[in-house]
Amino acid sequence: DYLSLLRRDSGETDVLFDDLLIKVTEFFRDAQVFEALRERALISLTKGSENESLRIWVPGCSTGEEVYSIAICILEFLEASRLSRTVQMFGTDASDAAIVRAREGRFPDGIESEVSPERLRRYFDKDAHHYRIAKSIRRERTITEVTHVVGPDREQELARMIGGAEVSAAVIASAREMLESRADRQRRKRT
C-alpha cells in the first residue's frame with residue numbers, strides 16, 4: 001500500500017512532496033496585481049532616501065516567472081519615475097528543481113504570449129528555442145531554496161489539504177523527515 005511505500009522509499013516521499021507544490025506560474029500572471037504594485041506599493045516603497053536599497057522577497061517563487069515579472073515591473077517604475085535605487089530581489093521555494101530552473105532564468109518560446117515584444121527585447125536574450133532573462137537582471141536577483149519545516153500548528157491545515165487522518169499524519173511525518181534531511185544536507189554542503 002502507498003503508506004508502506006512512503007515509509008520505505010524516500011524517493012517516493014520526494015515525488016509526493018513535489019506533487020503537493022502548486023506549480024501554476026507565468027509572467028505577469030495577474031494584471032491587476034501588477035497595476036496595484038505600480039500605482040500603490042512602489043510609490044510607497046520608494047518614498048525614502050535614494051540611498052536606501054529596495055529589497056523584495058518572493059516566497060514560493062517556483063521557476064522564477066513571478067520574481068522576474070516583479071523585477072521588470074520595478075525597473076520600469078524606477079525608470080518612469082526617474083528614480084535611482086539599488087534593487088535586491090530574493091526568490092525562495094521549497095522545490096529544488098524549481099529553484100534550479102529559476103536561477104537559470106531560461107524560459108520556452110511560449111512566454112511570447114505572456115510578455116510583450118518590448119519587454120522581450122529589453123529584458124531577455126533569445127536563442128534558438130528559449131528566452132533567457134538578461135544578465136543585468138539576473139545578477140541582482142538572488143534565488144534560493146528555503147526549507148519550510150512543518151510545525152504542529154500547520155499539521156491540521158495540511159491534513160485537511162491532503163485528506164484522511166491516517167494518511168495525512170503519515171504524509172506529514174514523511175514530509176517532515178524529508179525536509180529535515182534536506183536541511184541536514186544543505187548544512188553539510190555549507191561546511
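User: How many disulfides does the count come to?

Analyst: The model is a predicted one. A disulfide is a covalent bond between the sulfur atoms of two cysteines. With a cut-off of 2.5 Å between the sulfur atoms, the count here is zero disulfides.

User: How many bridges join E1 to E2, and do the strands run parallel or antiparallel?

Analyst: E1 and E2 run parallel and are joined by six bridges. At Pro-59, the bridge partner in E2 is Thr-92. Together with H4, the two strands make a β-α-β unit that is right-handed.

User: Which residues of the largest nonpolar core touch the most other members?

Analyst: In soluble globular proteins, nonpolar side chains tend to be buried together. The largest nonpolar core in this model has 30 residues, and those touching the most other members are Phe-27, Ile-70, Ile-74, Met-89, Ile-111 and Phe-124. Elements that each supply at least two residues of this core include helix H3 (31-45), strand E2 (87-93) and helix H6 (117-123). H4 gives the largest share, nine residues. Setting aside residues up to four places away in sequence, Ile-74 touches Leu-42, Leu-54, Ile-56, Val-87 and Met-89.

User: Is Glu-66 buried or exposed, and why?

Analyst: Burial is judged by a cut-off of under 20% relative accessible area. Glu-66 has 15% relative accessibility and therefore counts as buried. This residue is found in helix H4 (residues 65-81). Its side chain makes polar contacts with the side chain of Thr-25 at 2.5 Å and with the side chain of Arg-29 at 3.3 Å.

User: What is Arg-119 in contact with, leaving aside its neighbours within four places in sequence?

Analyst: Arg-119 lies in helix H6 and, at 18% relative accessibility, counts as buried. With those neighbours left aside, Arg-119 is in contact with Phe-28, Arg-38, Ile-72, Glu-76 and Phe-124.

Methods:
Residues are numbered from 1 along each chain as its sequence is written. This is a predicted model: local features need pLDDT of at least 70, side-chain atom pairs count only at pLDDT 80 or more; totals for chains, interfaces and linings use all residues. Side-chain values use heavy atoms; hydrogens and water are left out. Helices (H or I, at least four residues) and strands (E, at least two) are DSSP runs, numbered from the N terminus. Buried means under 20% relative accessible area, exposed over 50%, partly exposed in between (1.4 Å probe, protein chains only). A polar contact is a pair of N or O atoms within 3.5 Å; within protein, one must be able to donate a hydrogen and the other to accept it, and residues adjacent in sequence count only if both atoms are side-chain atoms. A nonpolar core is a set of buried Ala, Val, Leu, Ile, Met, Phe, Trp, Tyr and Cys residues joined through side-chain atoms within 4.5 Å. Contact means heavy atoms within 4.5 Å. Two strands pair if DSSP finds at least two bridges between them. A crossover is right-handed if, with the strands pointing away from the viewer, the path from the first strand over the helix to the second runs clockwise.
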